[in-house]
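Try each task before you read its solution.

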Amino acid sequence: MHRRASVDPPGCNRRQSSNSVPNHSDDVQQQYLMHCSAIRYEMTYRVAMLPTFFLAVCLGFARLSQAQSLAECQALTDHYLEKHHKEASPYTGSNLLYFLHVPRTAGRTFHSCLLKLGVPPALRCPKAYDHLRITNMSRPNCYLLSSHDDFSVVSMLPPDVAVLTQLRDPVDRFLSAYEFAVEVASRALKRPKTYRRRVGRIATDDVWPWSYLVPFFTEDLKAKVPVAQAKELPPGGVWAEMENKAGAYFFNKVTNQTKESLTEAEAALGIVPMLDPYDNELVISLKDFAKHPIASELLHNGATFQVLGITNYSHWGDAGGFRACLLRYDHLRSQLLEVAKNRVQHFTHVGTTDRLHESAASALVSMGLSVDSPAYGGGDEEVAGRRSVGVKLEQSANRTSGLGGGGRGAGYALGNSGLDSQVAARLKILAKLIREARRKLQNAQKELVNAQKSDADPSIVKMLQGEVDTARNQLIEAQERLANLRERLPADLGGAESADLSVSDLSVGHEARRRLLQEDAGSSQQQQQQQQQEGSGTSAGSADGATGAAGSSEDTAEGLGKVDEVAEQRRRLASKVTLRTVDALGYQLDPEYRKIPRTTLGLEFLRCANRAQERSVSRRDQSLAVLQTADGRHVTFSKAARNRIPQEVLDLIRSYNTMDTALHKVGLSLLDQHIAEQKAENLYQDVPKEDVESLASEQGQQMQAMKSGGKANGDELR
């Protein structure tokens with residue numbers, strides 16, 4: 001049994017004055033304090049993790065209220081530019097391809113219905129949306145990885161990793177994030193108190209940024225929905241204006257009547273206007289959410305921050321302070337925007353949600369595939385290493401089987417060996433400990449920075465510095481424990497027992513993790529030295545910092561031409577990709593294994609995307625049905641409702657996302673450039689336009705039989 005917290009977390013203290021709340025309107029300040037206090041409650045283990053989520057978010061808000069000086073921010077910028085310069089490599093067919101999934105860009109459809117279907121199961125990496133499951137980060141035994149991690153994870157992956165991503169207009173992405181968070185949070189209102197999540201299932205609120213946003217909206221709904229539904233109606237009821245696909249109509253909940261039009265007598269009972277799903281009494285309004293600190297922390301300019309590797313999910317400990325710097329200083333924001341623009345030009349593919357089909361066709365060319373390439377089924381249990389070990393065990397039992405790369409899946413091989421459940425459980429526990437240690441380190445760093453800025457007592461600063469050092473060592477130890485377990489895995493699972501893996505290779509992952517943490521420590525020391533050297537000359541130092549930033553920006557602009565030239569060469573190399581014929585363990589790939597018969601990758605993409613859309617709409621409608629007012633009106637998100645959003649609200653969202661707006665324009669330009677080059681080389685083909693659902697039912701049944709895990713799990717991880 002978990003008990004109600006008796007102390008307030010840092011950044012949400014009851015004794016905290018309103019002056020320390022971020023500079024927002026009175027209403028938003030009140031919401032900020034309300035949601036900080038919402039972490040004090042008693043629930044099951046699953047929900048008891050919410051204080052950790054809100055603690056991190058509230059600490060981030062407190063950081064924004066104590067902005068760093070220009071000199072400190074310039075030091076962080078210089079450190080970032082010096083240490084975080086690794087860029088993506090061109091895709092050759094033999095190197096790891098990482099899909100940097102920006103939330104709400106149709107990334108789940110892009111990955112599950114295109115990338116995954118185009119790659120044989122033996123080359124896919126294990127699912128990684130809640131945490132990375134690669135057994136050896138520096139030398140993975142797979143070639144297609146997708147996760148919500150930001151670009152900072154690239155420093156932990158092989159040196160020649162290739163990257164692709166999808167971008168979206170930031171206003172549309174923000175609206176989609178708001179709608180999705182409300183939808184998922186509403187499901188919690190229907191769950192019984194005895195609800196227990198199925199073991200091993202990855203839910204949406206396990207995945208960043210929904211691990212923050214879903215609890216936020218859940219608490220908001222729990223506070224408002226019961227109040228709205230408890231309102232009493234007059235004896236004859238009222239007529240509520242409703243809307244569906246057929247048009248507008250009127251509904252009286254008390255009499256349970258529905259009419260297309262009303263008489264004067266009926267209208268005299270009272271008519272309540274159509275419920276605005278973006279501004280109502282059931283949930284925080286879109287406008288207030290756009291101004292809320294949690295939106296700045298997780299969504300505004302989120303795509304750019306993800307490309308830069310500085311989200312609050314970053315593997316870089318100073319990412320939070322650096323984001324605060326970019327929000328405070330325009331010239332630093334402009335400088336880092338240029339870095340993001342240059343970075344995406346190194347990506348193997350950059351697509352956009354508003355041109356999804358064109359993006360899919362272009363991405364296939366960049367991967368050495370086409371819309372006519374074969375499509376492959378197979379579920380999450382059939383991925384690199386796992387299927388291969390099944391092949392090897394079967395070959396040991398029957399040397400004459402001749403199965404090659406097309407043996408049974410991991411469920412058979414690992415289940416018989418007794419290794420799967422034990423090792424998987426231990427790997428999951430250690431990965432969770434790493435996430436907790438990373439959060440602890442980031443929180444300790446933020447407390448130290450806040451103490452230094454508030455001129456706290458030297459003894460307190462020294463104590464907090466000790467806590468930072470302790471947290472850093474704990475994170476190193478947790479990472480080492482996970483790495484050691486991974487390296488003790490059998491060679492068949494990509495562990496360190498591989499005959500061709502040297503000791504120096506094994507230490508790469510350890511060194512990468514230690515280097516990241518040491519850079520964090522060096523950055524903190526650099527900031528402290530900067531403060532000490534400035535003394536009374538802070539103003540002069542700030543002026544010098546501004547000058548240095550301007551110079552760096554000019555250098556960046558001068559290098560654009562060279563970057564464009566390199567990016568063009570790499571894109572042309574992508575059209576000459578050599579597809580693999582063996583997996584990472586040297587097994588010959590069976591081209592027929594899990595191949596979906598009598599179809600193409602283009603057709604399967606279209607079919608999969610259409611079905612995913614249908615499942616998503618159906619699930620959304622079912623989830624939102626619980627968000628109903630006393631008079632029977634309920635929240636319904638639709639294109640028509642979006643069109644009614646006031647322009648001032650859309651302009652407000654746009655004003656918060658200037659970096660993402662610029663980056664999205666770059667994405668559109670790159671997509672046009674890629675497609676033009678691919679068409680010039682006769683490589684580009686449009687995704688099929690015909691109705692794929694008209695295929696024979698027998699063919700459809702055969703295709704479904706070849707797939708595994710095709711049912712929707714309810715939570716769309718987009």
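At 0% relative accessibility, Cys73 counts as buried (under 20% relative accessible area; exposed is over 50%, partly exposed in between; 1.4 Å probe, protein chains only). This is a predicted model: local features need pLDDT of at least 70, side-chain atom pairs count only at pLDDT 80 or more, and totals for chains, interfaces and linings use all residues. Residues are numbered from 1 along each chain as its sequence is written, and side-chain values use heavy atoms, with hydrogens and water left out.

**Exercise 1.** Find the partner of Cys73 and describe the link.

Solution. Step one: a disulfide is a pair of cysteine sulfur atoms within 2.5 Å. Cys73 pairs with Cys325, S to S 2.1 Å. Step two: the S-S torsion is about -80 degrees, so this disulfide is left-handed. Step three: Cys73 sits in helix α4 (residues 70–83) and Cys325 in helix α12 (residues 319–328), 252 residues apart. Helices (H or I, at least four residues) and strands (E, at least two) are DSSP runs, numbered from the N terminus. Step four: Cys325 is buried, at 1%.

**Exercise 2.** Is the link of Cys125 and Cys142 left-handed or right-handed?

Solution. Step one: the sulfur atoms of Cys125 and Cys142 are 2.0 Å apart. Step two: the angle about the S-S bond is 90 degrees, and the link is right-handed. Step three: both cysteines lie in the loop between α5 and β2 (144–147), so the pair ties together parts 17 residues apart in sequence.

**Exercise 3.** What is the pairing of the bonded cysteines, numbered in sequence order?

Solution. Step one: the structure holds three disulfides. Step two: the pairing is 1-5, 2-6, 3-4.
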